[in-house]
Amino acid sequence: MSRTILGEIMVVEDNPADLQLLTGILCDAGYRVRPASDGALALRSLKAKLPDLILMDVHLPDMFGVEVCRILKEDPVTSSIPVIFISAMDECELKVKALEAGGTDFVAKPIAAAEILVRIKTHLKMYRLQKDLVKQSAELKREIQERRKMEVINNRFLQMVENSVNEIYSFDCETFQVVHFNHGCQKNLGYSKEELENLTALDLIRDYTFESFSDL
């Protein structure tokens, strides 16, 4: 029986022992792990496929983790992915820099399995709720645009009907009462607006038939 994958997490960590520890914790909890040993590799990997969340060490061999995060947040494609920083140095200044760069959280080493899993679960939930809201907003925007298009089309159609030289009217299918009529009905049949409102479709058909025979 296949196990349900809770999400895909990229772990950017150059320390093999820490990478192995995090991979074991995440895999046991039901996550798929994508490892990256440095910032450049992480950025290249992100171009191929986006993870649901990124765990990133602050101190990487090629560039500062904060700089990698800043690059991610400046790109609209990757800007919404939550980034949790991990570091052996639990310094206030370092945390501030990480959060200012767009990081969503900061976890100090040594890693506690229960703590990191709770934080991941919380930020994944928030991230997915945000994605759902963005999707719903886009769908609502498309729906509004479609409604506006239909309103334009309907208004143009009604204008064509109203300006037609021919008699055009609609009626209730049960009572046959006339519910809408254009100017052509008034002009060609000689009825006033008030008179047409009290007529039925049968009255108009009878009058039209009588007029047609009268011309013979």
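Lysine 109 and aspartate 57 are both buried, where buried means under 20% relative accessible area, exposed over 50%, and partly exposed in between (1.4 Å probe, protein chains only). The model is predicted, so local features need pLDDT of at least 70 and side-chain atom pairs count only at pLDDT 80 or more, while totals for chains, interfaces and linings use all residues. Residues are numbered from 1 along each chain as its sequence is written, and side-chain values use heavy atoms, with hydrogens and water left out.

Side chains of opposite charge can pair when their charged atoms come close. A salt bridge is a side-chain nitrogen of Lys or Arg within 4 Å of a carboxyl oxygen of Asp or Glu. The structure holds 13 of these salt bridges.

Lysine 109 forms one with aspartate 57, and their closest N and O atoms are 3.4 Å apart. Lysine 109 sits in the loop between strand S5 (105-108) and H5, and aspartate 57 in strand S3, so the pair ties together parts 52 residues apart in sequence. Helices (H or I, at least four residues) and strands (E, at least two) are DSSP runs, numbered from the N terminus.

Another salt bridge joins arginine 128 to aspartate 52, with 3.9 Å between the closest N and O atoms. Arginine 128 is in helix H5 (residues 113-163) and aspartate 52 in the loop between helix H2 (39-48) and strand S3 (53-57), 76 residues apart. Arginine 128 is partly exposed at 33% relative accessible area, whereas aspartate 52 is buried at 19%.

Glutamate 93 and lysine 97 form a salt bridge, at 3.8 Å between the closest N and O atoms. Both lie in helix H4 (residues 92-100), 4 residues apart, about one turn of the helix.
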